[in-house]
Amino acid sequence: MNNCLKCRALVISLLILNVFQVSVASVVSTGDFNKDFFVMWAPDHVNTSSNGGERSLKLDQVSGSGFASTQMFLFGQIDMQIKLVPGNSAGTVLAYYLASDQPNRDEIDFEFLGNLSGQPYIVQTNIYVDGFDNREERIYLWFDPTEDFHTYSILWNLHQIVFMIDSIPIRLYRNHADKGVAYPRWQPMSIKTSLWNGDSWATRGGLDKIDWSKSPFIASFKNYTIDACVWKGNPRFCRADSSANWWNKRSFSTLTRVQKRWFKWVRKYHMVYDYCQDNQRFQNNLPKECFLPKY
């Protein structure tokens, strides 16, 4: 009897260990910016802590700056803690996004649009598929994103794309490819961040320009997680239904009931712009996905 109990305990221990190994196996980030990312431009405007755990980008009249992941991915979840540019940041744009770098590129974008002091920050999200975008949505943040770090996440799988802030879903883009709606599902993408001068359009349509007397403008990053399928040249490995590709499982094909409540709250109280409501822009011919379920 004791031997039987020992065997059973051993089996349970091995199962727990296996589950742990599978969950860890899908996390491909090291937590060190120097190992997982490279500087795209202006290395003298990129500052990294001695242990590689924190990084900041600087924008001044000389240059902006940016960094990108050393690997490319096809599906998964990306989390990054970010503290946005404080003070009068009007005209600045901080972009945190996935991009395929092809002429007919796919992109999944967070863009943080600078604001005048005292005004709420606007977050713009956008999705490019096969080189075409025009899918912008904007929300006001319900907190001051310059006082502390907050977690900004992108879940991208075969079923949907979910933009999240501190685990609260702020935007969904569903895979309706079977209904003729374009969806990013074949091109691998890298993770990119950049801080740059967007004062021709970013704040009040370009009316508020950058006040360079307030520069340099600094955005900070830490505690990122890349839990995604590393691109190895064949999409079938990343599209497979496997324990490592947890994001493709049916349970992640839609929002939970709690997530749906948060999503509705964001859209009711914080939505600023939704391309699916802009009949004038599209001349009363809204994109097809605007008439299809979000979840």
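Residues are numbered from 1 along each chain as its sequence is written, and side-chain values use heavy atoms, with hydrogens and water left out. Because the model is predicted, local features need pLDDT of at least 70 and side-chain atom pairs count only at pLDDT 80 or more, while totals for chains, interfaces and linings use all residues.

**The nonpolar core**

In soluble globular proteins, nonpolar side chains tend to be buried together. Here the largest nonpolar core has 65 residues. A nonpolar core is a set of buried Ala, Val, Leu, Ile, Met, Phe, Trp, Tyr and Cys residues joined through side-chain atoms within 4.5 Å; buried means under 20% relative accessible area, exposed over 50%, and partly exposed in between, with a 1.4 Å probe and protein chains only. The residues with the most contacts inside this core are Phe110, Phe112, Tyr152 and Trp156. Its largest share, eight residues, comes from strand S14 (residues 217-230). Strands (E, at least two residues) are DSSP runs, numbered from the N terminus. Apart from residues up to four places away in sequence, the residues that Trp156 touches include Phe73, Leu98, Tyr183 and Trp247; contact means heavy atoms within 4.5 Å.

**Aromatic rings**

Rings of Phe, Tyr and Trp (its six-membered ring) pair if their centres lie within 6.5 Å; planes under 30 degrees apart count as stacked, over 60 as edge-to-face and the rest as tilted. By this rule there are 22 aromatic pairs. The rings of Phe67 and Phe221 have centres 5.3 Å apart and planes at 85 degrees, so this pair is edge-to-face. Phe67 lies in strand S4 (residues 65-69) and Phe221 in strand S14, so the pair ties together parts that are 154 residues apart in sequence.

A charge sits over a ring if NZ of Lys or CZ of Arg is within 6 Å of the ring centre and within 35 degrees of the ring normal.

| Charged residue | Ring | Distance from ring centre |
|---|---|---|
| Arg236 | Phe237 | 4.4 Å |
| Arg239 | Trp186 | 4.0 Å |

**Strand S4**

Strand S4, which holds Phe67, is mostly covered, with five of its five residues buried. Two strands pair if DSSP finds at least two bridges between them. S4 pairs with strand S1 (residues 37-41) in the antiparallel sense over four bridges, and Gly66 in S4 is the bridge partner of Trp41. Four bridges also join S4 to strand S13 (residues 190-197), again antiparallel; there Ser65 stands opposite Leu195.

Asn88 lies in the loop between strand S5 (73-83) and strand S6 (92-99). At 17% relative accessibility, Asn88 counts as buried, and its side chain reaches the backbone nitrogen of Ala90 at 3.3 Å.

His176 is placed in the loop between strand S12 (168-174) and S13. His176 is buried, with a relative accessible area of 7%. A polar atom of its side chain lies 2.8 Å from the backbone oxygen of Pro293.

Arg281 is found in the segment after strand S15 (271-274) and is partly exposed, with a relative accessible area of 32%. A polar contact of 3.0 Å joins the side chains of Arg281 and Asn134.

Technical notes: A polar contact is a pair of N or O atoms within 3.5 Å; within protein, one must be able to donate a hydrogen and the other to accept it, and residues adjacent in sequence count only if both atoms are side-chain atoms.
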